[in-house]
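User: Hi! I am new to protein structures and would like to learn how to read one. Could you walk me through it?

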Amino acid sequence: MKAPTDSVLPLSPAVFHILLALADDDRHGYAIMRDVEERTGGVIRIGPGMLYGSIKWLVADGYLEESPRRPRTGDDERRRYYHLTASGRDLLKAEAARLEAAVGLARARRILPRKA
Amino acid sequence: MRRLIKRAFLLAYPRHLRHAYGDDILLAIGEDLKRRRGPRGRLGWFGRTIADAAASWRPRQPRPQIPLPEPGGPMSSLGSDLRSALRLFTHAPAFAAGAVLTLSLGIGATTAIFSLADASLLHPLSVPGADRIVVNNFTWSYLDFRDLARQTTSFDDTAAWTGFGGALEYRGTTHPLQGAVCSGSYTRLLGVTALAGRVLDERDDQAGAPLAIMISEGVWNRIFGRDPSVVGSTVQINRRPATVVGITPASFRGASLTLKTEVLVPLAVLPEVSAGFLARPDIFTSRTTTWLQVGGRLKAGTQVESAETETNAIYKQSHPKHDVNNPRDRYVLVPLLTRATGLDRSTDLRTFILILGGATLVTMLLACATVANLLLVRADRRERELAVRAALGAGRWRMARLMMTESVCLGVAGALGGVLVARGALSLLASFTLPGDIRVADLEFAVNRLVLFVSVGLGIATSALFGVAPLWRVSRMDVTSALRGSQGHSPRQPLRTTLVTMQVALCVMLLGGGFAFGRAVQRAFALDLGFDTQHPAIVTPRWSLLRYSRAQILDVQTRTLAAAAAAPWVEAAGFAGLRPLSGRLTMDFDVPGFTPEKIEDSDADVTPVSSGYLEAVRIPLRAGRTFTTADTETSPHVAVISEALARRFWPNGNAVGARFYPHDAAATPEQKAGSVLTVVGVVGDIRRGLERDADPMVYLPNVQFKSAFDFADAHLFVRAKTLPSEAAAKEAVALLKQVDPRLPIAAAMTMQEHIGDAAMVHRLGFTLFALFAGLAVVLTAIGVYAVVAFAVARRTREIGIRMALGARASTVLGLVLRQGAGPVVGGLVLGLAGYWLSSGALRRFLLSLPAFDGRLAAAITMMIGLIAAVALVLPLRRALRVDPMRTLRSE
């Protein structure tokens, strides 16, 4: 298992949201795209190039793996599902923590209001 | 189709992704496309997919958000610039579409018009070394040409040619073609190459040689579908078998633009294939029958003057009476290129093309001004984004590059659109005719690459220049206040006001040209031309296709007129060798007792006509009689002349009964006595062209007319009693078909249509100016709107405060109007001045209407007023609706 390193962090928003989309369930590529778009209200859109470009290295570095799960009948059989590995979950956590720290700094400088 | 599009898009992705995830990407693209409805959705999909594909080329972590300055190779940051630039198309589609469309129209129009200018004016003929080639001003006989070719020491090459009408039969269809009969040296003189096969040469130009022809690439495409086996095959030309030995490339346009060269036929075989005049038995043996254009390539170091002297000397050997000092007789050598664009109209062509070029440049400038304005508007909107980038540490150079990339993307998209627009414009132009009877379609020119590069460069330079302008400001920007979104004063408003002033001025100039040409077109149809412009119908048979002899043609004509006389619907009918307003035949006359002051004074326009013609087109008889069927080949030769000619030749008013002679320096006294013409009638003057005054005219009976003129082209004119002229044209065709069912009909039209053809130059001018002016009006309205709307937005707070302090609506109105009035009034004045200064060039195309007068100025002013009114409505409403309370609260 690889530990998240500084060379990977910070994650690009695309990668962050891809990992986030897989946090609770295995999904196929297009479902990840839709999930990100819906969850962010269309603010962040990930195209197939960006998606599979990211998936490729995430799989190669062991943060994601192809899931044995197959589509329900009626869905396209070529679809591949992806599963967040343990190190992938660690990576996501590390990025979220980094973001939280950054936001904390911003609050300290009163860029953002302090928490109510 | 969708599959194909998706596949094409897939190619934009890097190979490693296509290999690993090709199917998945295709699926995703497809699903995404399915969800987007309507053109807007599709456009968004298109932009996003392109941006996504561009982004996927970056290794590892593509960032869809603000790019930060980062280490990495120049290519990787260029990639991200490109990616952000392409996102422009999805984030600001209206802006991007506006800029791209404007650039496309500007680039397209410029490219089309300057390609036309290049094809017609700068490079009318693709003849290598054309500047050394000269052409004789008068036609030559065949024998004299042979003498010149053999004896000359001034020319490297000499060639002779003349126009030729042919019918090419192929697979049961007859195709009328225009072309030239030429000596074997013609292809060498004009540097003709063969696209396929070989060129004609001296071997083909020998009596008894097998009939060989060359066809043009256009004919090869149109009739033979580019079938390579045509070369070497046998076709029927004017019902004679001929071998196609070669194909001339599309760039070859013959020796003159006025004569389309679709087929080349060797001189020596002429008697075999031609009808009418060119089939005369003495065509190769007579020295008095002159019919050939003769040209030559000057030897290196030979001056035109000495070549001219030699030419006249050689001619004089066999024509002792040839007076080299008499300008009526002397052969003058004219540069081929001058001749190519029409002899007397070449300056008109130049001026006309310059006018179109000027109008196009103005349009291009206007397009550039519009794009500049759009970019400045966008820059204001982007202030915040730039501030964010600056706050995040983006350097100036980095942002400049990003904006430059964006501008270049706009420019490239505009260029692509421009090519489409240019193509469309070329097909629009193809139906028109330029001054000098040059049909645009015959030029067969394509988009000129150099012109395209220049106009694309201009477009990109504009967008780059104004796209980067905002940077200037970012360097002095107060990042914090920009981030907070507060709005200060814009220092760039003066620049935009200047741009809009320029837009209005350019728009005024285009409107001026449009109005002026519009009036000319109107005038063309309302002019008193001296004949009936409303009712006659004109039918043009193509006699030459049947290889009829002169006697046969006259026989068909006589029987047609007899049938017309018997037809109850016909009021009058007659044939004429020329139509009024198109084509000219001038002859020199010797008039006893008349000494010309200038040599042109003994010239007159000649039209060979049958009985009934003058009645059919209603040229009024002033004295004597018109022609009747009693004027035959054997009866005394007679003439009917126009009033202008009567006044010139016989100022004492005793024209009827007077005698005169066609000028022929070589004629013996007996020959001269035999050619005498007696005036039997005087008719009203007609105009031979829309922009000409009444020309002195001589009408000769076609049965008695035997000059070097291919009168086989005679047109039938019919005037119906009650039928509308469209129906009369159809009935007249039926009449001809009834007399001779085989006779092919080239055209049947009304006199109004014919006048429309004659007013082609004015219509072309009007069409282009109207299109340009229409575009200008829209762009200018947007420009004015943008400036005023922007000003209102910037001053919302001020307006609110003023209103809170009790300012009336009229004060606010004045405030807003002042923003718009400056550029509109300034532009109007500037534009009117500019139009007034440049409109002199238009004058000769306006049928003696003024190019600029009070009414025109009033019309332009009204139009600009209208534009301003439309452009100001929205910003005015917005200003008046400012709620003072809200403004104050937000303070």
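**Where the chains meet**

Analyst: Happy to! Let us start with the two chains: 23 residues of chain B are in contact with 21 residues of chain A, where contact means that the C-beta atoms of two residues, placed from the backbone, lie within 7 Å. This is a predicted model, in which local features need pLDDT of at least 70, side-chain atom pairs count only at pLDDT 80 or more, and totals for chains, interfaces and linings use all residues. Residues are numbered from 1 along each chain as its sequence is written, while chains are lettered from A and ligands numbered from 1 in the order in which they are written.

User: Which element gives the most to the side of chain B that touches chain A?

Analyst: Helices (H or I, at least four residues) and strands (E, at least two) are DSSP runs, numbered from the N terminus. Here, α2(B) gives the most, with 10 residues. Both α2 (15-35) and α3 (38-55) of chain B give two or more residues to that side.

User: What about a helix in chain A?

Analyst: The expected span of a helix is 1.5 Å times one less than its number of residues. Helix α3 of chain A, residues 48-60, has 13 residues and reaches 18 Å from its first C-alpha to its last, close to the 18 Å expected. Just after α3(A), A:Gly62 takes a positive phi of about 85°.

User: Which residues of α3(A) are buried?

Analyst: A residue is buried if 20 or more other C-beta atoms lie within 10 Å of its own, exposed if 12 or fewer, and partly exposed in between, with C-beta atoms placed from the backbone. In α3(A), the buried residues include A:Pro48, A:Met50, A:Tyr52 and A:Leu58.

User: Why is strand β18 of chain B largely enclosed by the rest of the structure?

Analyst: Five of the five residues of β18(B), 638-642, are buried, so the strand is largely enclosed. On one side are B:Val638, B:Val640 and B:Ser642, and on the other B:Ala639 and B:Ile641.

User: Which strands does β18(B) pair with?

Analyst: Two strands pair if DSSP finds at least two bridges between them. Five bridges join β18(B) to β20(B), residues 677-683, and these strands run parallel. With β21(B), residues 697-701, β18(B) pairs in the antiparallel sense over two bridges. B:Ile641 stands opposite B:Val682 in β20(B) and opposite B:Val698 in β21(B).
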